[in-house]
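Dear colleague,

Please find below the structure that I am handing over to you. My findings follow directly after it.

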Amino acid sequence: MADPDSRLVEEVGALLRRAAADAILPMFRHLADADVSEKAPGEVVTVADRRAEEIIGAELRRLRPDSEVVGEEGVAADPAVLERLSGPAEVWLVDPLDGTANFAAGREPFAVMVARRRAGRTEAAWILDPMADRLLVARAGDGAYRDGEPVRTTAEPLPARSLRGVVATRFLPVELQGRVAAGADRIGAVLHGQHCAGQEYTDIVDNRQQFAIFWRTLPWDHAPGALLVEAAGGVVRRLDGSPYDPADGRTGLLVAANESIWDTVQHALLAES
């Protein structure tokens, strides 16, 4: 990654570690009742989410004064902020604490995620596991890295019965839930998920699972991981096979370690019988 943007990649990685050290880790398993609230029914937010987003957003604006920041908590407070994602400016997508429900309950996993977009294209992504102090970085056209070491998804065309992956059913339409249930015996293991998209994407890169299916695809939850998986050799598409664009507001996403696995999972779990 020896080009003018390499310094920025390093600075953003250091920023995520600093935000985690200052705003997130000190609060883990030390939240008071007043530190946790609902921003929408069933959607919790903590003081750690808000403080981490403040730290990350302020520093990104300092690093790139002409850029825009679209953060999860900023959008929750003012949905109009999301419109910046479709504008001409360089945009930072920020998920200050992915897996908030886990964090609030005092359990892992949780992550800190950022994606950088320009001209409608995700160019770089960062996913930090604060507990393990493990940072994954991806740059379009330059591959994916874990703490500076290259990582790749499996390239093997594995049979369906050897595959394992998550189907996030919370928002999945009933009709699709039925298809998944009907096809589940064709797949080695259909997992319920870890309530942390950053971990699900990381597990595909690390070959702990080979696919993931999501219905709700909020851009801060999925743009970082999508670039990570694609840069590592994987495939990320809408359920019908069309390209994934974090700004298009559509639902449904199938993520797989390679093209063959994407096709196998789509046929086994999503195709109409």
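How many bridges join strand β12 to strand β14, and do these strands run parallel or antiparallel? In this predicted model, β12 (residues 211-214) and β14 (residues 253-256) are joined by four bridges and run antiparallel. Within this pair, Phe211 has Ala256 of β14 standing opposite.

Both strands belong to an open sheet of five strands with mixed pairing, in the order β11-β10-β12-β14-β13. Because β11 (189-191) and β13 (235-237) stand at the edges with a single partner strand each, one side of each has no neighbour in the sheet. On average, neighbouring strands of this sheet are turned by 15° against each other, direction ignored.

Leaving aside neighbours within four places in sequence, the contacts of Val255 include Tyr201, Ile204, Phe211, Phe214, Val229 and Val235.

As to open space, the largest pocket has a volume of about 910 Å³. It is lined by 37 residues, of which Glu43, Arg170, Phe171, Arg216 and Asp221 are the closest to its centre. Among the elements that give two or more residues to this lining are β2 (43-46), β4 (91-98), α6 (197-205) and α7.

Yours sincerely

How values were computed
Residues are numbered from 1 along each chain as its sequence is written. This is a predicted model: local features need pLDDT of at least 70, side-chain atom pairs count only at pLDDT 80 or more; totals for chains, interfaces and linings use all residues. Side-chain values use heavy atoms; hydrogens and water are left out. Contact means heavy atoms within 4.5 Å. Two strands pair if DSSP finds at least two bridges between them. Axes are lines fitted to C-alpha atoms, for helices over the stretch in contact, and angles run from 0 to 180 degrees between N-to-C directions. On a 1 Å grid over the protein atoms alone, a cavity is a set of points where a 1.4 Å probe fits but cannot get out, and a pocket is an open set with protein on both sides within 12 Å along at least five of seven lines; lining residues have an atom within 4 Å of a point. Grid points are joined across faces, edges and corners, and a volume is the space filled by probe spheres set on the points.
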